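Welcome, and please get your viewer ready for a short walk through this model. At each stop you will get something to select and a note on what is there.

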Amino acid sequence: MSTETVSHETHTHRDDYGAKIGMWLFLFTELLLFGGLFILYMAYRYQYSQEFHLAAKELDITMGTVNTMILLTSSLTMVLSIVALRKGNKLYSMLYLVLTKVFALGFMVIKYFEWSAKIHHGIYPGSETLADMSNGQVIFYGLYYTMTGLHGLHIIIGVVILAFMLSFIYRDKVTSDNYIKLENGGLYWHLVDLIWIFLFPLFYLLH
Amino acid sequence: MATQGVDTNYTSFLDYKGKYKGIFAWILSTDHKRVGILYLISMLGFFAVGVTLGFLMRFEMLSQGRTIMEPQTYNAVFTLHGIIMIFLFIVPGIPAAFGNFFLPIHIGAEDVSFPRLNLASWWLYTIGGLFAIFSLFLSGGPIDTGWTFYVPYSLRTTTEVIFPLLGAFILGFSSILTGINFVTTVHRLRAKGMKFFRMPLFVWSLYSTAWIQIIATPVVGITILLVIVEQYFGVGLFDPAKGGDPILFQHLFWIYSHPAVYIMILPAMGVVSEIIPTFARKHIFGYKAIVFSSLAIAFVGYLVWGHHMFTSGMSDTSRWIFSFFTYIVAIPSAVKVFNWVATMYKGSIKMSAPFAFVMAFIVLFSIGGLTGLVLGSLSTDVHLHDTYFVVGHFHYVMFGGTAFIFFAAIHYWFPKMFGKMYNEKRALWSIGIMFVGFNMLYFTMFILGYLGMPRRYYDYLPQFETLHQVATVGSWVLIAGIILMAYNLIKAWRSGEKAPANPWGGLTLEWTVPSPPPLTNFMEEPIVTHGPYDYELLEEEGDEHGNS
């Protein structure tokens, strides 16, 4: 995930390219982690296409769209932060990072309202309302909560990573000629974004 | 290659005094050799627990009805035996202990690409293991689902399921980190002249294994997470009462857990490919064939998971496709076996403990592999599914295959790792005893399974009693062999003779450095000029020197 210092006093080893290989491999495992859920989605959509159709209509497309735009913009500010640092502009780099985090927070706030609206209507795992619905709808909401929940967890992890980056830049541990950590953090953030790009149409748009 | 002489003017990694003292010098060390030994010791500890549980299980089967424990205890014991042996011993097994220690040395590197991540993976391993142990003492009692955690039973049981599952999840994380580390290390840190096709076959096998770890482990990660979510929130994804499909759990589980058996066996095959040329003093037969068969196993092994589910409900088409791929994956394994045997042909073989283990391995693994084909074909599987035949097959490939080679690796590299020699004669005796006990125990299981004894049953019909008793006595013999081996190694570790740099006459890079290796592995940066098994080449050079 980052350049590592071998603990021999005399020798410091830095391999940015290797660090990037490691990060890409890690992202690959993240994709496969979500891949299991996408397989489940596929199998159940095939089994319960009618019910999925019905249940998807209950989701709020406006909130989903706004969230998609927020996340895409946050990816932009993430890249801008890296560019700024590479050009030696520490302050702007930090500013863009903070902006990215603000977007992330905005995403989570909207997600909160979305979830609580659903829960308010009695749609949550194990609820009575859900028990009255058809099996396919139960599975749809089960997948909805699990997948967006796991994605939300990744957003939170991403925010924590970005917080570390912020402090690294502030303390000059990540600088204009040693910014692989920030780049790898950015890669993680784009992954989180990318997964949402798939979740959004699967749940909100496919009626 | 570098000088062979033993240099006393160096600090070995064992004597090195770092920032920390006492035990912290080990559990906080990022030196790949120390991490490897940490793994080795932890795994042997868990292995001892697993063996004890296995012993208890076999003891229970000594007579019909209750022998020493209640049925519920028996369920917990076989579950724990499975979880500990699979997740804590055999999956991390050879890569985490010997891979960590020797991969960097084999390719001429000072350490792995991410040393801190490497230490972190050991910590995760330890935490995962502690979770599994800790769960035994929680209110629900020890888990009784079997190591496969099949739903819907794992959702219904009142025993403690969440903690062992969390433990397995964390262990998966540790396994992924090791995989990422190894792939990056092989790509980035090879020494000058260490071309891809000059790498020792052990490195190739670790490289293939690391890819499987990266590709397969996340899938079981999500599967385990889903069972935990199911337990807490009752989402319904695997619950038939809510429209979920338990068969999907089995698919996701085996998408990881079948490739996982190749995570277990491939590194063992790599060790075999090291030991045979060293003791036959001959170039390995078909180097590239072995390399590509490793990669082929890694790839095709990903497509055969359905053969665990022939009787759980699948279309006939998927059944024969999975059966077909199962037959295909046997081919690269057979290629390896033939190559090993061909390597020995006309070699000048020196019989010694590591080599004896390899001989035992070839016999046991061949039996295990061929009985795998019996289970892989549809019609016979219907008869043998979920019987002792499966248990026998699994132990032949995993214990007779991987664990025997784990022991071979200990005996092969013990002088290098600890700088001490062990008693060869006693080692050979322990192998002989283990081999006899092993066959008594597990070959009997083939017969029992063929006659219809189901696995995981607490009790059995009267006609099975004699065979069960033979198997139980076999387990005692096997354990006696293991204890003798452990005694021999511990004695060697305490008061063995000092080992030379190259006791076996091997040609891979670890034998060019003193035993135990210095902190940064090499006295000077190695430059590789020939392949890892070019014995003929060296002999010619030796002759020329002799003549001149």
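Before selecting anything, keep one rule at hand: the expected span of a helix is 1.5 Å times one less than its number of residues. Now select helix 16 of chain B, residues 465-495. Its 31 residues should span 45 Å at 1.5 Å a residue, and the end C-alpha atoms do lie 45 Å apart, so the rule and the model agree. Bear in mind as you go that this is a predicted model.

**Around helix 16**

Stay on this helix and colour its buried residues. Which ones are buried in helix 16 of chain B? They are B:His468, B:Ala471, B:Thr472, B:Gly474, B:Ser475, B:Leu478, B:Gly481, B:Met485, B:Asn488, B:Leu489 and B:Ala492. An α-helix has 3.6 residues a turn, so residues three or four places apart point the same way.

**All of chain B**

The C-alpha trace spans about 80 × 50 × 45 Å along its principal axes. For 548 residues, a compact globule would have a radius of gyration near 24 Å, and the 23 Å of chain B agrees with that. Buried residues account for 55% of the 548 in chain B. Of the chain B contacts between residues at least 6 apart in sequence, 84% join residues at least 24 apart.

**Into the core**

Next, pick B:Val272, B:Phe357, B:Phe361, B:Ile405, B:Ala408 and B:Ala409. In the largest nonpolar core, which has 213 residues, these touch the most other members. Helix 9 of chain B (residues 246-280) gives the most to this core, with 22 residues. Centre the view on B:Val272: leaving out residues up to four places away in sequence, B:Val272 touches B:Trp340, B:Val358, B:Phe361 and B:Ile405. Another core lies apart from the largest one; it has eleven residues, among them A:Leu97, A:Leu162, A:Ile169 and A:Tyr179.

**Over to chain A**

Now show chain A. How many helices and strands does chain A have? It has seven helices and zero strands. The C-alpha atoms of chain A fill a box of roughly 65 × 30 × 25 Å along the principal axes. Of its 207 residues, 36% are buried. Among chain A contacts with a separation of 6 or more, 74% are between residues 24 or more positions apart.

**Where the chains meet**

Display both chains together and select the contact: it takes 31 residues from chain A and 34 residues from chain B. On the chain A side, helix 1 (16-47) and helix 6 (135-170) are the elements that give two or more residues. Helix 1 of chain A gives the most, with 15 residues. By class, the chain A side has 17 nonpolar, twelve polar and two charged residues.

**Last stop: confidence**

Finally, colour by pLDDT. Chain B averages 92, with 97% of its residues scoring at least 70. Within chain B, helix 15 (residues 424-451) has the highest mean, 97, and helix 17 (residues 535-547) the lowest, 62. Select residues 1-6 of chain B too: pLDDT stays under 50 there, and the model has eleven contacts for them beyond four places in sequence. Where pLDDT is low, the predicted coordinates should not be read in detail. The model scores ipTM 0.90 and pTM 0.92.

Key:
Residues numbered from 1 in each chain as written. Chains lettered and ligands numbered in written order. Predicted model: local features only at pLDDT ≥ 70, side-chain atom pairs only at ≥ 80, totals over all residues. pLDDT = per-residue confidence, 0-100. Helix = DSSP H or I, 4+ residues; strand = E, 2+ residues; numbered from the N terminus. Contact = placed C-beta atoms within 7 Å. Nonpolar A, V, L, I, M, F, W, Y, C, P; charged D, E, K, R; others polar. Buried ≥ 20, exposed ≤ 12 C-beta atoms within 10 Å, placed from the backbone. Core = buried A, V, L, I, M, F, W, Y, C linked by C-beta atoms within 7 Å. Rg over C-alpha atoms; globule rule 2.2 N^0.38 Å.
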